[in-house]
Amino acid sequence: MKIGILQTGRAPEQTVQQHGDYDQFFINYLADRGFAFESYPVLDGVFPDSPDAADGWLITGSRFGAYEDHPWIPPLEAFLRDAYDAAVPIVGICFGHQILAQALGGKVEKYAGGWSVGPQSYRSEMFGDQSIIAWHQDQVVERPADAQVVASSDFCENAMLLYGQKAFTIQSHPEFTAGFLKDLLATRGQVLPTDIRSDAEMRAQTPLTSDAFADQIVRFFEGKLRT
C-alpha cells in the first residue's frame with residue numbers, strides 16, 4: 001500500500017540529522033507495516049498529480065496556522081476535498097487534523113486556553129485512554145458535519161476525529177518521541193510560556209501509547225477501523 005505524505009512543515013534544522021524531517025518521522029513511525037511512502041513538500045508548492053496517486057494520504061504537522069495566508073494552503077484544501085470525495089483514506093496529524101477540518105467546513109483558531117505541550121492524556125471509549133505528546137495552541141473549535149469525536153480531553157474537546165472510512169485525524173503527535181520533544185523544547189521552546197515549558201520538561205519521560213496508536217492508523221488505512 002502506497003502512502004503519500006503531504007509535508008506541511010519542517011523540523012528544526014538543529015534536530016534533522018538526529019531525528020529526520022517531518023516526513024521521515026512517519027516513515028520511521030509506520031515502518032515494517034507493509035507501506036511504501038512518497039513525500040510531497042506541499043509547503044513548497046509540490047503537490048501530487050491527483051488524489052489517486054497514492055492509496056492513502058497522511059498530512060504532517062506544521063508550525064503554520066491553517067487559517068494563515070500562505071499560497072499553498074488553498075490548493076492543499078482543494079486537494080484534500082478531492083481526496084475525501086474520492087474516498088481515498090486520509091490521516092491528519094496536528095496541523096493535518098486542523099487543515100482537513102477547515103477544508104471540510106470546520107473552524108480552527110488560536111485557542112483562548114493557551115498551549116498544550118508534552119505528554120497529554122485523552123479519554124477514548126474507542127481506543128481506551130491515550131497518552132500522546134502534544135505541541136499546539138491552535139485547535140479545531142467547530143468540527144465538520146461528518147466528523148465524530150473519538151477522543152477528547154478537558155483542554156481539547158476535538159482531540160481525535162473520525163470521518164467514517166474517509167479520514168482519521170488527531171490533534172497531538174503520536175510520531176514524536178521523548179527525545180525529539182526534549183530537542184524541540186531546546187530549539188523552539190522560547191515561544192512557550194515559562195510554566196508550560198517547565199511542565200513539559202518535567203513530564204517528558206511520561207509513558208506513551210504512541211506505538212499502540214500506530215496500530216490504529218494502520219487499521220484505518222486498511223479499512224478495518226470501526227466505531
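## Helix α6 and D195

In which helix is D195 found? D195 lies in α6, which covers residues 194–202. The model is predicted. In it, D195 counts as exposed, at 54% relative accessibility.

A66 sits 129 residues from D195 along the chain. The C-alpha atoms of D195 and A66 are 26 Å apart.

## Helix α3

Helix α3 spans residues 73–85, 13 residues in all. From first C-alpha to last, α3 reaches 18 Å. That is close to the 18 Å expected at 1.5 Å a residue. A87 follows α3, and its phi is positive, near 60 degrees.

Which residues of α3 are buried? They are I73, L76, E77, F79, L80, A83 and Y84. Viewed down the axis of α3, the buried residues fall within an arc of 160 degrees, so they line one face of the helix. The general rule is that an α-helix has 3.6 residues a turn, so residues three or four places apart point the same way. The cover over the buried residues of α3 includes strands β1 (2–6), β3 (56–59) and β4 (90–93). It also includes helix α4 (95–103), and strands β10 (160–163) and β11 (167–170).

## Nonpolar cores

The largest nonpolar core has 43 residues. Within this core, L30, W135, M160, F168, F176, F213 and I217 touch the most other members. Helix α7 (residues 210–221) gives the most to this core, with 6 residues. A second, separate core holds 27 residues, among them A66, F95, A101 and L161. In soluble globular proteins, nonpolar side chains tend to be buried together.

What does M160 contact, leaving aside its neighbours within four places in sequence? The partners are H97, F127, Q130, I132, Q148, V149, V150, A151, T169, I170 and F213.

## Cysteines

How many disulfides does a search of the whole structure find? The search finds 0. C94 is in no disulfide. Its nearest cysteine sulfur is that of C156, 9.3 Å away. A disulfide here would need the two sulfur atoms within 2.5 Å.

Are these cysteines buried or exposed? C94 is buried, with a relative accessible area of 4%. C156 is buried as well, at 1%.

Key:
Residues are numbered from 1 along each chain as its sequence is written. This is a predicted model: local features need pLDDT of at least 70, side-chain atom pairs count only at pLDDT 80 or more; totals for chains, interfaces and linings use all residues. Side-chain values use heavy atoms; hydrogens and water are left out. Helices (H or I, at least four residues) and strands (E, at least two) are DSSP runs, numbered from the N terminus. The expected span of a helix is 1.5 Å times one less than its number of residues. Buried means under 20% relative accessible area, exposed over 50%, partly exposed in between (1.4 Å probe, protein chains only). The arc is that of the directions from the helix axis to the C-beta atoms. Contact means heavy atoms within 4.5 Å. A nonpolar core is a set of buried Ala, Val, Leu, Ile, Met, Phe, Trp, Tyr and Cys residues joined through side-chain atoms within 4.5 Å.
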